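Student: I am new to this one. Can we go through it in short questions and answers?

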Amino acid sequence: MKILAISGSPRLKGNTNYLVDQALREAARLGAQTEKVVLSQYKVNPCLGHDNCAAFDSCQQKDDAGWILDKFCEADGVILATPVYYYNVSAQMKAFIDRNYFPYKHDRKSQARAVGIIVVAAVEGIEDTLHTLKQFVDERFDINADKELIIRGYADRIGDAKNNPPLVEEARKLGRQMVASLKEAS
Ligand SMILES: Cc1cc2nc3c(=O)[nH]c(=O)nc-3n(C[C@H](O)[C@H](O)[C@H](O)COP(=O)(O)O)c2cc1C
């Protein structure tokens, strides 16, 4: 059972990455093979928008999006995590979402049977951000709403999420629920 987390936060020791790590650690403890891809560590360019993906066998941009999308399409479970930046996902996450246009245009959906969403804001914008991610998930995955696990929390400075025990527990629970959900589905 492979669980892949895609993190849109460039703060490696920030709140989003901390919560992702908690979820993945629990999943690994229960036997899942886990991996986290922090988008800012790789080159994932914005979509070029030629809207001619169908004419090509592979995306014409030769950056890291290709292998990340392969893993994304093949994982059994996926976690999408982002801080709120101006009432929406971070630019790194938006670029990744848009680069899904190539597999979308080739009728290639993600195989995942469980999806987790983690959104962190200082004050506001969580609902708008969740709306973006849910629309994306509905389009990219063939799963029921009960297989979508969502956690949202308020945190600003590095360490805020770590110092919020109920939020940390929610992240750990998300990891456990994903494994349970995937075992149920297999
Ligand atoms: C460019 C930028 C835009 C932000 N926009 C918002 C916002 O619209 N609403 C909000 O509540 N917090 C906003 N924040 C605060 C972050 O969501 C908050 O600090 C969060 O904890 C960062 O997560 P991280 O530690 O995982 O990077 C913004 C932060 C940055 C750097």
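Student: Is Tyr86 buried or exposed?
Tutor: This is a predicted model, so each value is computed from it. Tyr86 lies in the loop between S3 and H3. Over 50% relative accessible area counts as exposed. Tyr86 has 79%, so the word for Tyr86 is exposed.

Student: What is phi of Tyr86 near?
Tutor: Most residues other than glycine have a negative phi. Tyr86 is not glycine, yet phi here is positive. The value is near 45°.

Student: And what is phi of Tyr87 near?
Tutor: Tyr87 also lies in the loop between S3 and H3. At 41% relative accessibility, Tyr87 counts as partly exposed. Phi is again positive in a residue other than glycine, near 65°.

Student: Where is Ala75, and what is its relative accessible area?
Tutor: Look in the loop between H2 and S3 for Ala75. Buried means under 20%. Ala75 is buried, at 4%.

Student: Which residues does Ala75 touch, leaving out those up to four places away in sequence?
Tutor: Start with Ala5, which is 70 residues from Ala75 along the chain. The C-alpha atoms of Ala75 and Ala5 are separated by 9.6 Å. The residues that Ala75 touches are Lys2, Leu4, Gln111 and Ala112.

Student: How many residues has helix H5, and how far does it reach?
Tutor: H5 covers residues 126-140, which gives 15 residues. At 1.5 Å a residue, the expected reach is 21 Å. From first C-alpha to last, H5 is close to that, at 21 Å.

Student: What arc do the buried residues of H5 cover?
Tutor: The buried residues are Ile126, Thr129, Leu130, Thr132, Leu133, Phe136, Val137 and Arg140. They sit on the same side of H5, because the arc they cover around the axis is only 160°.

Student: What covers the buried residues of H5?
Tutor: Both helices and strands take part. The helices include H2 (65-74), H3 (91-99) and H4 (101-105). The strands include S3 (77-83), S4 (114-121) and S5 (148-154).

Student: Which residues of H3 are buried?
Tutor: H3 is among the elements that cover the buried residues of H5. In turn, what covers the buried residues of H3 includes strand S1 (2-7), H2, S3, H4 and H5. The buried residues of H3 are Met93, Ala95, Phe96, Ile97 and Arg99.

Student: How many bridges join S4 to S5?
Tutor: The two strands run parallel. Ile117 stands opposite Ile150 in S5. The number of bridges joining S4 to S5 is seven.

Student: What is the hand of the crossover from S4 to S5?
Tutor: Follow the chain from S4 through H5 to S5. That path is a β-α-β crossover. Its hand is right-handed.

Student: How many disulfides does the structure hold?
Tutor: A disulfide is a covalent bond between the sulfur atoms of two cysteines. Cys47 is in no disulfide, with its nearest cysteine sulfur, that of Cys53, 6.2 Å away. The total for the structure is zero.

Methods
Residues are numbered from 1 along each chain as its sequence is written. This is a predicted model: local features need pLDDT of at least 70, side-chain atom pairs count only at pLDDT 80 or more; totals for chains, interfaces and linings use all residues. Side-chain values use heavy atoms; hydrogens and water are left out. A disulfide is a pair of cysteine sulfur atoms within 2.5 Å. Helices (H or I, at least four residues) and strands (E, at least two) are DSSP runs, numbered from the N terminus. The expected span of a helix is 1.5 Å times one less than its number of residues. Buried means under 20% relative accessible area, exposed over 50%, partly exposed in between (1.4 Å probe, protein chains only). The arc is that of the directions from the helix axis to the C-beta atoms. Contact means heavy atoms within 4.5 Å. Two strands pair if DSSP finds at least two bridges between them. A crossover is right-handed if, with the strands pointing away from the viewer, the path from the first strand over the helix to the second runs clockwise.
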